[in-house]
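User: I am new to this structure. Please pick one part, look at it closely, and then show me what lies around it.

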Amino acid sequence: MGDVVSAHLDESRRQFIADKTGKILTEFCQFYEEQYGVALFNSVRYEIEGSGGPQSQLLHRKIPLEDRTIFSGNLFQYMEENKKWRNRFSVVPYNYGLVLYENKLAYERGLQPRILINSAGYKILTSLEQYLELINSNLPGPPPKSGNTSVLKCPTQFPLILWHPYARHYYFCVMTSQEQEKWRAVFQDCVRHCNNGIPEDSKVEALAFIDAVRMYRQSKEQYGTWDMLCGNEAQVLSNLVMEDLLPELKNVIGPRLKGKAQERHRVWIQVSDAVYRMVYDQTKAHYDAAVAKCEEQSPGMQSTIRTDMDQIIQSKEHLASKIRGSVFSKAEICVRNHVQPYIASILEALMIPTSQGFAEVREVFFKEVTDMNMNIVNEGGVEKLGEYMEKLSRLAFHPVKMQCCYEKMDQLKLEGLQQRFDVSSASVFKQRAQILMRQQMDDAVYTFETLLHQEVGKKLNKEELCKAIQRILERVLKKYDYDSSTVRKKFFREALLQITIPFLMKKLAPTCKGELSRFQELIFEDFAHFILVENTYEEVVLQSVMKDIMMAVKEAAVQRKHNLYRDSIVMHNSDPNLHLLGERTPIDWGEEYGSGQEDADLSDEKQRRARQVMSVIHVDEGTLPCDLTSLEASPEATEQEESPDRFSSPPTRGSPDSVKEIRGMLVKEFQAEAPVAVDTKVEEQLSNGAVVQESKAIVEREEEEEKAGQEAVQGVAEHAAESSTGRPEAGREAAAAAPTSPAEAVSPAADCAPAEHPEPSDQETGEEAAAAQVSEVGAKPSLEDSQRATDDSEGIQTQF
């Protein structure tokens, strides 16, 4: 593979890539330094003046997933080096990086992972046809003829492919369609989280970076939304460079690609990935230097801002008035002719799926709490509360349970508007709405558990506890309705601006942009770092359309079908002590209300490792793969056999030709696993945390107990649904649909989580560990490089 890449990327071509990257980064850093001063001024001004926006009614959890392993399970992965399918034990830690281990035993021993994947910018594909269509469209030269064979042959009918326009692709497959759907939800959650790598708060560096990206692209006459604004700053900049660099490389390297379409696909993906890694390394170093330079100048700039705040504001207002007098009338005409007639249709297209998604979040939350209340009536009472609340507290981060909410955004269609308004893809808006749904769900759950924790301290009996849960549920739902309305209206306004402002800037550029240079003389030299003509011009254009957008959203809020509060309805914080409760130490339900005796025997380290949120991979057949060696002898398999301390595997053999044969191999691999102690729970033998099926007698006994308690619980469910929806009919429907069995429990892999979770490398680091490193049993993984590469990858990206 290295020889193939070296043949196309010789020394002269690598130097060309480095020079081209350096030129682009130098231009970008000029924009960044300019925008840094503006962002710093806006931050200090906001700090001094403040902003009286609507106050959130729900509490916000500060660190929702600290030290948590979200899910784990087994996947088949295609290894391009030896063209074999290998079984990998996959773990998704709290940072949403996909970490692949040799097998479960290597994970339990804390050995080095095989691969660390940062999924920012990836797309999840579930068929080879989708994959072929994408790679054919990105292949240099004429497109291959239809009917060409695929790049790989999948041994099952359920592939999962991670596709990236520039970086390496990853190929997985599973055994059933149910597994495929669950893993697809897991991967989508990872992509959604990693795409939001830039913080959305008022951090100066983040705001300066986003504005600099927009201004740089506009200087190249690239307007509209950009679906590659994903990942952290270094990843976004790498995408920015590749957007300009890759077309040139295609023209140079494309004609040199020989062989069949399958071989050309393979070589081009390797070349593109190698270039992307080179660009990333250079980009990260360049950007870090620019940030350090701006931070060094920040104290002096802040001193100037605080001293001359009034003069800077007056100077900016004077500049804005002059620009407004020159371009505002042209902007208003453009808005009236090209934007205003379409605002209502854009808003309608956004509101329907978004409102349905938020309504689904409400229903899922209501159902989970109601099920928990029923279960407390049927069994356990306060003794089971800790177990139920531990599961409920992570509801927002359960990709399968939240999938029904996220899927509502798949209805968002902007095809009729994309060409007119230069919207590259609706995925930007879909992911933003889905992230807001998850945030609102977690806020509702956190508020509920905070209020419930206060009530439980009063030593309630079972009946009093159920009534308290019902009262708190109604209280939280009211707060959710208000907050979700506020969040949605803000999302609609921002989305409309994202769609219309780039369009207006592009329309006005021929007549207005040339006149901007003459306004530069109106800015005092001392204030030139904090006032930019381009930014002020953009604000004037924004004002020309903002009135129409605000009016459209206000009119939509009156319509009942969207379930929005009117702007005139202001719900002040009716619980002044609630936010004080939210500042306390996070609640550990498992520790306070768990079984106690068994947990007391565990060490603190083991308890911390055992805290799992969920394991979502279930297989009906009862056994799962633990390790599937390559089908023919390979160097990797030989090394594994030579190492006596590593997990032993059965002898390798020929490739499986059918799913049935793979299943047989999986059963044998599972049986070859090291024996488990007698007193160990059966669940620990399963690599995915699946719950062992109970005996028929136990199930029948539980069904009789549930049937006996169903009538007593019916009134609780009806009252809950009736109170939350305001409609008796809805209450009866919810009560009829609500199950009386305990909420679906997903047992955590208690002893699986290692003490530290490796973070994915931003540049898609592929095979990180050599077989010799893995062979040392008990050796702690050395992840300094991957952690150093992702120190700045946490946070949430703002919309562009």
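Analyst: The chain comes to 25 helices and seven strands. Helices here are DSSP runs of H or I with at least four residues, strands are runs of E with at least two, and both are numbered from the N terminus. This is a predicted model, in which local features need pLDDT of at least 70 and side-chain atom pairs count only at pLDDT 80 or more, while totals for chains, interfaces and linings use all residues. Residues are numbered from 1 along each chain as its sequence is written, and side-chain values use heavy atoms, with hydrogens and water left out.

The part to look at is strand β7, with the sheet that holds it. That open sheet has seven strands in the order β4-β3-β2-β1-β7-β6-β5. The pairing is antiparallel. Two strands pair if DSSP finds at least two bridges between them. The edges are β4 (115-117) and β5 (123-125), each of which pairs on one side only. From one strand to the next, the twist averages 35°. Axes are lines fitted to C-alpha atoms, for helices over the stretch in contact, and angles run from 0 to 180 degrees between N-to-C directions.

Now go to β7 itself. Its residues are 170-174, and five bridges join it to β6 (residues 158-163). The two strands run antiparallel. They form a hairpin, with six residues between them. Take the partners one by one. Isoleucine 161 has tyrosine 171 of β7 as its bridge partner. Phenylalanine 158 is bridged to valine 174 in β7.

β1 (residues 69-79) also pairs with β7. Two bridges join them, and these strands run antiparallel as well. Here glutamine 77 has phenylalanine 172 of β7 as its bridge partner. As background, strands of a sheet pair through backbone hydrogen bonds, either parallel or antiparallel.

Is β7 covered or open? It is mostly covered, as five of its five residues are buried. Buried means under 20% relative accessible area, exposed means over 50%, and partly exposed lies in between (1.4 Å probe, protein chains only). Both faces of β7 are covered. Tyr170, Phe172 and Val174 are buried on one side. Tyr171 and Cys173 are buried on the other. In a regular strand the side chains alternate between the two faces of the sheet.

Contact means heavy atoms within 4.5 Å.

Next, the loop between β2 (84-93) and β3 (98-101), where tyrosine 96 is found. Its phi is near 65°, a positive value in a residue other than glycine. Most residues other than glycine have a negative phi, and most peptide bonds are trans. Tyrosine 96 is buried, at a relative accessible area of 1%.

Then the cores. A nonpolar core is a set of buried Ala, Val, Leu, Ile, Met, Phe, Trp, Tyr and Cys residues joined through side-chain atoms within 4.5 Å. The largest has 171 residues. Phe172 of β7 is among those with the most contacts inside that core, as are Phe28, Tyr32, Phe187, Phe365, Phe448 and Leu452. A second, separate core has 17 residues, including Phe76, Ile135, Ile161 and Met175.

Lys182, Arg184, Ala185, Val186, Gln188, Asp189 and Arg192 of α5 meet Pro399, Val400, Gln403 and Tyr406 of α11.

Last, the chain as a whole. Of its 800 residues, 52% count as buried. Among contacts with a separation of 6 or more, 81% join residues 24 or more positions apart.
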